[in-house]
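Dear colleague,

Please find the structure below, followed by a summary of what was found in it.

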Amino acid sequence: MSQKIRVGLVGYGKAGSAVANVLSADPRYDLRWIARRSPAAEPQFHPGTEIPVISLEQKSFEELFGQYPVDALVDFSSPASIHTYGEEVRKRGIMLVSAISVYSEEDMAYARSLGRDTRVLCSPNITLGINFLIAAAKLLRKIAPFADVEIVEQHFREKPEVSGTARRIAETLDVDGERITSLRLGGIVGHHEVIFGFPHQTVRLTHDSIRREAFGTGAAFALEQLARCDNGFYSFDDMLLRMMRAELLEG
Ligand SMILES: NC(=O)c1ccc[n+]([C@@H]2O[C@H](COP(=O)([O-])OP(=O)(O)OC[C@H]3O[C@@H](n4cnc5c(N)ncnc54)[C@H](OP(=O)(O)O)[C@@H]3O)[C@@H](O)[C@H]2O)c1
């Protein structure tokens, strides 16, 4: 078996802790440490492991990378973080997978600039399933531009806004945002459905989120694919389409 990729994870909130569950159990990766903003009263480890959870108020990224070297950094923290680790990542050639959902234009330009010196992947939506759904829907839209398209999204009762993923699906398929129907009920984690209405048939592409660990599965996929790339700036789509193309050519 090839050597494990040594990974550092920044962000240990709702998403980061679920991602840590997945990466720490994946034999392809050696999750060496987790960094968060706030300090803990006593040394903290990810449950059931010896992976330290370290406060960035107590150790800088420079110290962290020096003490526990990694090949890759996965970011589930906040948009500001990239500016604190960016130059270290650049200098050391560390691969970066950033899952931050909302970067400003300046943040994104900075992330792109890191791609000149190392491998960078930014994905505002990192679940494998949703990205696959979008790629498949895009293909079907090309094949059948005459079909009616409707998008249905369902989420827990308290979610106020229209799902960003549903809006992204509408944009990708070049359909009006009016074609999105939002339902709010109970505790649904996340349901997205793209319905293609043909004259004599209907195609439904459906994705259901079950647990936040799905973000970890996406990050693991992104890391594996990014490890095969040259320095540069990539999206999740780039990785998925590269793989699909290779599969189609093989077949
Ligand atoms: N791409 C995707 O599909 C996807 C999916 C889910 C989430 N996300 C993104 O992931 C990020 C985290 O989401 P969440 O729901 O887990 O939020 P959260 O529960 O609020 O957790 C945020 C975590 O990041 C840490 N943090 C915040 N600012 C930091 C900084 N400047 N430096 C280092 N650590 C910092 C926090 O540290 P403390 O614990 O010390 O407060 C906390 O551990 C958000 O940007 C969200 O949009 C993306």
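**Contact between the domains**

Ten (10) residues of domain 1 are in contact with nine residues of domain 2, where contact requires C-beta atoms, placed from the backbone, within 7 Å. This is a predicted model: local features need pLDDT of at least 70, side-chain atom pairs count only at pLDDT 80 or more, and totals for chains, interfaces and linings use all residues. Residues are numbered from 1 along each chain as its sequence is written.

Domain 1 covers 5–126 + 213–250 and domain 2 covers 128–209, with bounds from an automatic or database domain assignment. Their C-alpha centres are 28 Å apart. On the side of domain 1 that touches domain 2, α7 (213–226) and α8 (236–250) each supply at least two residues; the largest share, five residues, comes from α8. Helices here are DSSP runs (H or I, at least four residues), numbered from the N terminus.

**Helices α3 and α4**

The axes of α3 (residues 82–92) and α4 (residues 105–114) come within 10 Å and cross at roughly 15°. Axes are lines fitted to C-alpha atoms over the stretch in contact, and angles run from 0 to 180 degrees between N-to-C directions. The two helices are therefore roughly parallel to each other (angles under 35 degrees). I82, H83, G86, V89 and R90 in α3 meet D107, Y110, A111 and L114 in α4.

Yours sincerely

Technical notes
Parallel < 35°, antiparallel > 145°, perpendicular 65-115°, else oblique. Contact = placed C-beta atoms within 7 Å.
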